[in-house]
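Have a look at the model first, then read on.

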Amino acid sequence: GTFSGSGAGLTGVPGTLSTATDEPYLDTLRSLTRLSLGQPGVMEGSGYVTYQADHYEDPQNEIGIGVQDQRSRTWATGGEVRGTWIAGPTALVVVPQVHHERYEQDEARGQGGDLSARRLVLGGAVFDVISLLGERLLFEPAVRVDHYRDESDGGRSVSRLLLSPRGGARFTLLPGLDLRASGGRYHRAPTFLEMFGDRGFLVGN
C-alpha cells in the first residue's frame, strides 16, 4: 500500500494579458492512498482513494469576471483486477475496472452557485501480446471500453459509452535497433472541473 499527499498555495496569480495580480489566491491539496495485492504477471488487484480540495479567491475582481470565493472538493474511489493468461506465443491480459467520484463546489461570493455531481465508471481493457520469430516480431492489439454515468443537481443524468481501439507492432532488425508502429483512437470524458469550470482559470462547457 502507498500514500502520498501534497499541497500548494499561490498568491498573485497571472491576470489578464499575463499581468501579475496581488490579491487572487489559489490553494490546492491532494492526497492518494493505494493498495495493491496479488502476483505480478498472473493475477493482481488494486484499489485507491483520492481526495483533492481547491480554494480560489479573487476578493477585488482583479481577474475581471467578478468577485470570487470558491471552494471545490473531489473524492474518488476505485479499483481494478488484472489477469494474465499465457498460451504459447500469446499473452492475453484482461483488466476490468470500476471508478466512483463525487464533486462539490461552493461559491461564497460572486455570480456562481453551489453544485454537486457524481460519476460512476464501469469499464476495462483487453489486450494481447503476440510474439513471433523468436520474439523478434511483436503485435499488441487492444481495446478499451468505458461506460460513464454522470448525475448532477436537479436529477440531471448523462451517460456515455466510449470505445478506444488501438494496435502496435515492433520488429527487431538488430540488437538495439527496432522498428515500431502504432495507431489507435482514444477517448476521454471531461473531468467535473472541465465541465463546470472554476470561474477563474477554466470556463466550463
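His 187 sits in the loop between E9 and helix H1 (192-196). Keep in mind that this is a predicted model, so the confidence figures are included below.

**Around His 187**
- With a relative accessible area of 37%, His 187 is partly exposed.
- Leaving aside residues up to four places away in sequence, His 187 touches Leu 162, Leu 163 and Ser 164.
- A polar atom of the His 187 side chain lies 3.3 Å from the backbone oxygen of Leu 163.
- Leu 161 is 26 residues from His 187 along the chain, and their C-alpha atoms are 9.9 Å apart.

**The nonpolar patch**
- Leu 161 and Leu 163 also turn up in a nonpolar surface patch of about 830 Å², where the other members include Trp 85, Met 43 and Val 145.
- Strands E4 (68-87), E7 (137-152) and E8 (156-174) each supply at least two residues of that patch.
- Val 145 belongs to strand E7, and its relative accessibility of 36% makes it partly exposed.

**A buried threonine**
- Thr 28 is part of strand E2 (residues 25-39).
- Thr 28 counts as buried because its relative accessibility is 11%, below the 20% cut-off.
- Side chain to side chain, Thr 28 makes a polar contact with Asp 54 at 2.7 Å.

**How confident is the model?**
- The chain's mean pLDDT is 84, with 80% of residues at 70 or more.
- Strand E9 (residues 177-184) has the highest mean pLDDT of the elements, 96, while strand E1 (residues 2-11) has the lowest, 54.

Definitions and conventions: Residues numbered from 1 in each chain as written. Heavy atoms only, no water. pLDDT = per-residue confidence, 0-100. Helix = DSSP H or I, 4+ residues; strand = E, 2+ residues; numbered from the N terminus. Patch = residues over 30% accessible without salt bridge, like charges linked within 9 Å, V, L, I, M, F, W, Y side chains within 5 Å. Areas by Shrake-Rupley, 256 points an atom, 1.4 Å probe, with all protein chains shown as cover. Salt bridge = Lys/Arg side-chain N within 4 Å of Asp/Glu carboxyl O. Buried < 20%, exposed > 50% of the residue type's maximum accessible area, 1.4 Å probe, protein only. Polar contact = N/O pair within 3.5 Å; in protein donor to acceptor, adjacent residues only side chain to side chain. Contact = heavy atoms within 4.5 Å.
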